[in-house]
Amino acid sequence: MSDERGIPRREFLKSAIAIGGTAAFSACLGREEVDVPTGPDDLSSYPQRQHAWNEVLPRDDHGNIIAPSHRVLLYLNYRRDGQPNEDDRDQVETALRGIEHAYERSGDGLLLTVSYSPAYFYRFDDSLPDDVDLPDPEALAPFEEPEFDTPDAVVHLASNTAQVVLGAEEALKGNKSTLNGVDQPDAALTDVFSLADRRTGFIGDGLPAENADDAEGVPADKVPEDAPLFMGFKSGFKKNQASEDRVTIQSGPFAGGTTQHISKLQLNLNQWYNQDDRWQREAKMFCPYHAENDVIEGAGDNLGTSSKIDDCQPTDETAREMGVVGHSQKSARARDDDDSPLILRRDFDSTDGGAASLHFLALQRRITDFVDTREAMNGTDVTEQSAVGQRNNNGILQYIRTERRGNFLVPPRSLRALPPGQPAGDAQEVTHESS
Amino acid sequence: MNRRTFLRQGAALSGGLLLSGCLGQLGFETQSAWRDPPLVEDRPDAVYYPAIIEGMGMYGTTTAGDLGFALMHSFPHRFWNLTGSRKTKVVVQSDDSVHLMASVWDTETETILPVDVSVEISNSDGRVSSTNLWPMISPNMGFHYGDNIALPGEGQYDVTLQIGPLQTARTNPFDGRFTEGQSATMQFTFDTDETYNLEIRRLGDKAGTRGTVDLMDMEMVPEPVVPTKSELPGRLLHEGQSSDATILVALVDGDHRFSDSDGPFLIVSPRTPYNRVMLPRMALSATLDRGGDTITQGTLQASLDPDLGSFYGMGLDELETGDTVRLTVETPPQLARHDGYETAFLDMDPVEFTVE
């Protein structure tokens, strides 16, 4: 890795995630001067909800959760045909516990989920319980033709520390005998699974601008230096996110779990930055009211805890009168009776394959909640009654192309290792119901 | 092509206008002249002759199902992007190679479809580019879809053109049609000799005066035009102008195909002056006054008809002599504009007339 010497530390770290491997990991160790605490010997206090990340993540001045910066998604295929056996389950659980012992569960440490696709569950005679809404992935707009991800499982690794993500990945692949000073078990995830795909990414103030050179078609110097995402604006405002309670499955053997939709969206940043102006970007990302009234400063940190969609007019009105509807303005229509958004975004940007893209990872109680949210974002109802196009002036649809979609079940922790389709008994009671 | 050959050709074809940015990827220097070609200084708020007209070449046509797809190319273009009445000048970027254009039509009726087109371009190395084209209007092409595209170099490319369903309403003959997406694949060879040797016409003294050039004759592609005044069905009520758009208003009565309900039906057919180019992507509403009272008010439904092309319509209970019809343009045609159209059809005044 001697040729990385000239690269500034931070820039190297994000590239390292994309490259992966033991060499990248070793190089990170020397460049990230951090001391990540190890995890506990006894993991029994870890929450049943694999997706319960918020309590251990830092918050910004407004109280918004700050998403972990570095991400890896490992798409895995179970090597065995038919139903899993107990040995394989032990192997998976042992490997996962190995990395949990190595790094504490925190933003600077390691956060992870393991999830399973509908294709995985087809191996069982019994279909999933009614409490679990996990259909096969499908196209979610009449103008998209995505490919569908059908590997059996996806492991999501996240940390604010690049070496943690890389180290955990290498340990899961059986390439580390010790990790963060902790002996690793003689059990590799990759003995049980084959690796079908590896997706990587980043989110956080400044990271997209630093990564811009790694992707074709990202206009030089156009991605704002402090923006957390390629499109230049902050997202994941507290009031625009569903709570972890809201996305948690409430009953049945998978209670405490959630469903996960992951799409890969290619971004056209040339059109976004070179062919639109700031007014258009604000109007299309948020709503015309925000653009007209200079509501958004920079990446939008000044908005506080929400995208302030209440100030926007209804979508049909701005569509007719202004010829444009905003992305947030449309998406905000997908809410439940308690006025809560339906999905919890845990998405991140990527330069995988040398193209600027977004891995849109969202958690929701039922996949239907995601479908409803995406339908609101499509704004088909708006286009039929206005000059707003199917994509043009229709939120950010002009600038994104859906390449892949996949649906997964994130089971409760106790079932995270090769779960059966119909587990016996109920998982641990969900205690903090919100809805 | 080496640099010397290029320079000679560049000078020969453009008469001093320097080719530029589009060639950056091919090893040529970027020149500002091409990035922002000459623009007429005093432009009327109307359709006008631009300083230059850039030629267009056909890559080919194909069909998928009952839809026709055409793929065309030209020099990377400057254009104006439109959101509401707000326009943004889009200059050519240094790595833009070609202005790629597409049109889609119904092969049975030769009706041009205002459906958003996306393209995905790949070569033997894999995917090169993908983009959602902008709906556009230009003097010699009329309504089409297009964008400036960066390609890694000359050579053969595969392209997939994809559309979604038609978002507007449709009249009876089109019932059940254009309800699903469709895609078509084609190949093209990007050859700088071919694209950058397309004709550039300088319009000289005409530049900046009101008027426009004829649409190019594209044998295999239907013209994106709407019917003449005399071809409109029913009774012509009014011929109005708004921000240089011609707006024809007709009324059909009795048995007609335009709505399921009985009663007269108001047809509004906006078009460009001179060439009758269709103007989709507008939001229009109508107010009907009788004896000082408003008796009807509502939105006009954007629609597609095999004879009328893109039009806007509304069913009425009745319309009497002496009634006043006021058509309000809530959103002007949301089409990106090439030189010559960027000052027209923007701040569009209402059209008002009394029924005779």
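**Exercise 1. How many residues of chain B are in contact with how many residues of chain A?**

The structure is a predicted model, in which local features need pLDDT of at least 70, side-chain atom pairs count only at pLDDT 80 or more, and totals for chains, interfaces and linings use all residues. Residues are numbered from 1 along each chain as its sequence is written, while chains are lettered from A and ligands numbered from 1 in the order in which they are written.

Solution. Two residues are taken to be in contact if their C-beta atoms, placed from the backbone, lie within 7 Å. By this rule, 30 residues of chain B are in contact with 32 residues of chain A. On the side of chain B that touches chain A, at least two residues each come from β4 (79-83), β5 (86-90), β9 (126-132), β10 (134-138), β12 (155-163) and β23 (324-331) of chain B; strands here are DSSP runs of E with at least two residues, and helices are runs of H or I with at least four, numbered from the N terminus. The residues of that side divide into 8 nonpolar, 17 polar and 5 charged, where Ala, Val, Leu, Ile, Met, Phe, Trp, Tyr, Cys and Pro count as nonpolar, Asp, Glu, Lys and Arg as charged, and the others, Gly among them, as polar.

**Exercise 2. Describe the sheet of chain B that contains β12 and β14.**

Solution. The strands of this open sheet, 4 in number, follow the order β9-β8-β12-β14 (chain B) with antiparallel pairing, and two strands pair if DSSP finds at least two bridges between them. Because β9 and β14 (182-190) of chain B each have a single partner strand, they stand at the edges, and one side of each is left without a neighbour in the sheet. Between β12(B) and β14(B), which run antiparallel, there are 9 bridges, and G155(B) stands opposite F190(B) in β14(B).

**Exercise 3. At what angle do helices α3 and α5 of chain A pack, and which residues meet?**

Solution. Helix α3 (residues 86-102) of chain A packs against helix α5 (residues 162-172) of chain A at an angle of about 150°, with the axes 9 Å apart; axes are lines fitted to C-alpha atoms, for helices over the stretch in contact, and angles run from 0 to 180 degrees between N-to-C directions. The angle therefore makes α3(A) roughly antiparallel to α5(A), a term for angles over 145 degrees. From α3(A), A95(A), G98(A), I99(A) and A102(A) meet A168(A), A171(A) and L172(A) of α5(A), and the residues of this contact divide into 6 nonpolar, 1 polar and no charged.

How values were computed. Angles under 35 degrees count as roughly parallel, over 145 as roughly antiparallel, 65 to 115 as roughly perpendicular and the rest as oblique.
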